Amino acid sequence: MAVDREQLNDTQQTFDGTAVGELDHGQIEDLLKESASLLNKKSDEEFPPTENISNHDIVEIEEVSIEDEQANEIDDDSVELTPIEIQKSTIADLLEKQELLPEGSILKVIPHTWFQRFLHDEFKDARDAKVQLGPIDTSNIIDEKGIFADQEKYPFVAVSSEIFEKLASWYSLVPNSSPVTTYLIENQGRLEPEFSKPFFYVHHLVADNSNSTGYHYSSSYTTIPSFTLSLLNTCQDIIQKAVETLDEKENISKYSLSSEDQKYRVWVIHDDNLVNLNYQLSPTNFLNVKNKYLIKHEHKDTVIKQTGLRINHLVVEQKVTSHTNKKKESYWPSNYFIQFPPTPSDGRIGLQNLGNTCYMNSALQCLVHIPELTQYFLFNCFQDELNTDNPLGMSGKVATSFAKLIHNLFDKKSSRGTSIIPREFKQTIGHFNSMFADYHQQDSQEFLAFLLDGLHEDLNRIIKKPITEKPELNEKNADIDAIKELAEQSWSQHKLRNDSVIIDLFVGLYKSTLICPVCSKVSITFDPFSDLTLPLPTEKVWNFKLLLFLESGPIKSFEVELPKTSTYNTLKSYVASKLDLKVEHLFSAEIFNHQFYKNFENPESQSNYLPIQDLIAEGDVVAMYEIQHNEGDLIVPVFNTVLPPSSNIPDSFAIPFFISLTASERKSFGTIRRKLEDKYEQLSTFQYFTKVRENQSGKTFASKDFPLLNIKKAEIIETKGAGDTDVGVIAEEGYDSDVSLANPDVSGDYAFKIKLFDSSKEVRTRRKPYQFSRYSSSNSSKDEASTLWTPTTSNNFTNLPELLDSVSGAKRAYYTYGKKLDIDNSNENSDASVETPVTGSEENKDGNVDETMTENQDNKLPSDALDNDGTNGNHTISEATSYNNHDEPEQKELVKEKIALVCEWTPEFFDIFFSGLEDEGEGGNNTWTTPEVLVNEEVERSKAQRAAKKDDVLNLDQCLRLFSKPEVLGEHDLWYCSDCKEHREASKQIEIWETPDILSIHLKRFENQRSFSDKIDAVVDFPIETLDMLPYISKPAANGEEYIYDLFAVDNHYGGIGGGHYTSYVKNFVDNKWYYYDDSRVSATSPEKSITGAAYLLFYRRRTSNFLGGERLSELIEKSREEHDEREKQELKLQQQFYEENRDDSSEGEEDEVIEELDSSEDNVSSVHVGTDDEDDLSSSRRKQRLLGRVKKHQLIDNSALQSDVDSSAIGSPNSIASDDNLSTYSASNNAPSGQTYTVNSPRP
């Protein structure tokens, strides 16, 4: 398994007093430059050749077998065990012999605690020792990376191979536990086990030229593989193991075409920034590494111990083939820039979309094609001006990240793609502004403003900002000289706190003039700007059709047109003035599902300050009511419902309305009923209730008009109580002010029942209800603050009490008389009763019965159309009398505050009144579906004017002139007049005083930037060349001074208020041609195509013979350019020198080869016997291993797959041809054979 950086940190610790060494650069550099003959001579002097393996040997595993039969015998109780005394004596002798072992001898590592117990504990016999000690457990001594465990946690000890074999034969190994091998190493004059081995990271250097022969390479961000070797291995072993490790990861041999393609070189690298290196390195990454040392051919026999290498980073490169001009050329990736010299950028590099980042890409393309800004960062001028201590800045990180982006786009490169990924820049911007941290759609202009501000603060040349006060001129008739002096003073004060390359290029000056409408005070100030935001000369009006529910007449539709910034109060005033109404009598609400949704009189609706376009959206249904009322009146909301034929749940219909009740009217059922009937005649073309009253000639009724009740006067007088005047007055005077409103021909629940809905029935939602509130307005008195209440309903109109139930018994009998009459008329035995309603009509002066009553009786709706449930109105005479006995002494209010009325219609009468279904020639339609249109002549004229201008093309001149047009501040933007000591709706005018060298124009297409509530897609014609700004500048121009600008970029926005897509048209300063940049796609275009309704940001540059940004910026860039060019020359010289020094011209056939060819034939090698237990001639065994190692190297060259039983990521695996460790623990088999043990042949010292 590969070792990542964090895991390596855990390995950098002391093992048995020996620390993992760091790279000694001076030592390795000097050593690698020594001649191979001197190193070989030194090696031969220290170690006799007959006792050593050749430096070219690669360590191989030797298998030492313990017979399975022997292991079985040890576990068998019948087998005689070696006596414990003999065991200890044997080990003691071998320990003495171990002291004489030379450097490079093989050692086995076992647990220290187990071995100490074996040596010092007392046992009864061998069997008792075996039981108490148990098998040897080596599983925790070394990990899969080849690193020994911490001695403090898992103490261990190294013993000779002979000792280990004896102990293993007596006690065996724990299952899944295998022998661990190390070597005897000389350290500071004494021999000690090697517990701390050199550790190597392997990086892969790849060419980034698309013309090169392709290999399948892993991601550069993958885990970095690693391996360990012994100090006694050679540099040849490092090369071999590094190549093998690379092949295990990349399987590069699979993609090689022939053995000639398998040419490798290995580098030792060191840099302070190695921890940030990825696994895969590009030639640029490699070039930027400070220290690089090639392991050349003459270094192969050098022992690692002599190099000082401990924890090291290696870079492996494979020779690649380039196909250019139909030629096949091979080169090393380290010589990439020699093979492919870097060339400048052509400026046609796109930016990949990271997910809704087109707003960023389009703005960046406009910025990076400002040559002065690009050169400032490309030549690293910014580094001398970074202000990392500015509390208003971003610690220089935004400027540094932008500089990296510029380098990626415009640096000289040997090869480049058609686009780059601006991920690092996006992350930096998002870190300092959460608006741009995610991947939602954003506004390109807002991003550009933040970026320029961030660059300015990061590069502000002012380290300590002084405290300044903004200068102001307060003279009504100030002369031009005083104004110019103020402008210069304002600019100087701004430069005291702000001075950067952004100020040099992008910042101009506004002149702002405010005039008090009362005292005429004039205030003149100057303010800097980095983008010129221009309004578009379009009609900025809000158009809407209101439903009007006036005091009389049917529902009407009235179209209004107001400025979009108007408020709700402006709307009410407008309607009142147009229709000659009192504004205090107008109330509005949004209607949804035939119920109140938003009460605009409620402050929670935000109607007091929200612009009308944000308050009322297109498609909303808004009703404006005229409610005539006086102080103290109660305004009662009324809902309309109809009960479906086969359901008990009523449905809402029409639009709800209001009635106004005085204190006395709240006690009168007849008055309430009469007002509701009047309102329904506004909702229907069927004027039934008016017709009935006309037929009765407006008659008011007395008790004699209700003969069926047959209440005796004596009984009435006897039962009359204090304050109960109703019946008494009827008896005495024949008239009652309340009961007179009852109609013997029309029941009190005719066509609809009146039900009560109180605030306890309101639907509580998480959304703050607009409806449940008191009405409050600046035009209303305190008493009127509670006159408007609209409940929050959700069609929950079931199980409501009826208003008639609140009426006293006697009165209720009169109001339900019409229903009783219908029932009695249907009884054949009650002839006198049938005629009573007719004779009850008032006679004329001639004594004749009024014919209108007869006609009315004939035209009366049939009784079967009435509500005859009989629950509230069918009272007998005795019932009426009993009700009088229980009358309250005082009348109570039937309707109180926060009680709404619900009029529940029957399906039959709903159809008659509102659906046009006639009954005997009677009926009508509703008036809310197709309301009567009130024509607004002013709106019609305005619409006609706009239609005439529809085809007119807007131009930039109109926008610039509109920008400087004076305007009056609104009620929410009041200006404080220091002379009046009051906030005033002052007149304000903003004019351009000075323009910057880079003029950024923002066409204000989005009316409300907070919610993108509206976008203007009108085409604005703008000049591509020769934009003369002089006519729009209020500053007097000096003689010959020009303000000519040329377009060089356009940032476009396609789409609507819900989002869209950004692109840009840009003039590439590299070749002076126009291109269309659409994220990663770049295509040639013409500037005329940029004049569309999508043009959002326009970028102009001043036409001048001088360098933009001023003389100081020009000198800074020129100086940095010269230094940059000199650095490039030096780098090119160093690259050439580096190339010459590392050509490795030792021989034509061996120059690039890392692996030697095998001299002997396969037949000679195949007969070699390896790893027997009785091998006595160590030198002979090592020579055989050398031949076997060569065979394996030859197999790698021949593209044969590496034969391995182990995980390819395991370090020092048993089958690794460059391994020095016996790690059979990591074989594919989880259980190591109990009858076998493994050892590793020692590399030659």
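A residue counts as buried under 20% relative accessible area, as exposed over 50% and as partly exposed in between, using a 1.4 Å probe and protein chains only. By that rule alanine 654, at 2% relative accessibility, is buried.

The model is predicted: local features need pLDDT of at least 70 and side-chain atom pairs count only at pLDDT 80 or more, while totals for chains, interfaces and linings use all residues. Residues are numbered from 1 along each chain as its sequence is written, and side-chain values use heavy atoms, with hydrogens and water left out. Helices (H or I, at least four residues) and strands (E, at least two) are DSSP runs numbered from the N terminus.

**Positive phi**

- Alanine 654 sits in the loop between β27 (651-652) and β28 (657-661), and its phi is near 60°, a positive value in a residue other than glycine.
- Serine 395 also has a positive phi, near 60°; serine 395 belongs to the loop between α14 (371-378) and α15 (397-410).
- Serine 395 is partly exposed because its relative accessibility is 41%.
- Most residues other than glycine have a negative phi.

**Six-stranded sheet**

- An open sheet of 6 strands runs in the order β24-β23-β25-β21-β22-β31, with mixed pairing; two strands pair if DSSP finds at least two bridges between them.
- β24 (595-599) and β31 (932-934) are the edge strands, each with a single partner, so one side of each has no neighbour in the sheet.
- Neighbouring strands of this sheet are turned against each other by 40° on average, direction ignored.
- β22 (residues 556-563) pairs with β31 in the parallel sense over 3 bridges, and phenylalanine 558 has leucine 934 of β31 as its bridge partner.

**Helices on the sheet**

- Helix α20 (residues 568-579) packs on the sheet and touches β21 (541-549), β22, β23 (586-592), β25 (621-626) and β31; contact means heavy atoms within 4.5 Å.
- The direction of α20 makes about 125° with that of β22; axes are lines fitted to C-alpha atoms, for helices over the stretch in contact, and angles run from 0 to 180 degrees between N-to-C directions.
- Helix α32 (residues 937-948) lies across β21 and β22, at about 55° to β22.

**Threonine 513**

- Threonine 513 is part of strand β18 (residues 508-515) and is buried, with a relative accessible area of 12%.
- Leaving aside residues up to four places away in sequence, threonine 513 touches Val522, Ser523, Ile524, Ser987, Lys988, Gln989 and Glu991.
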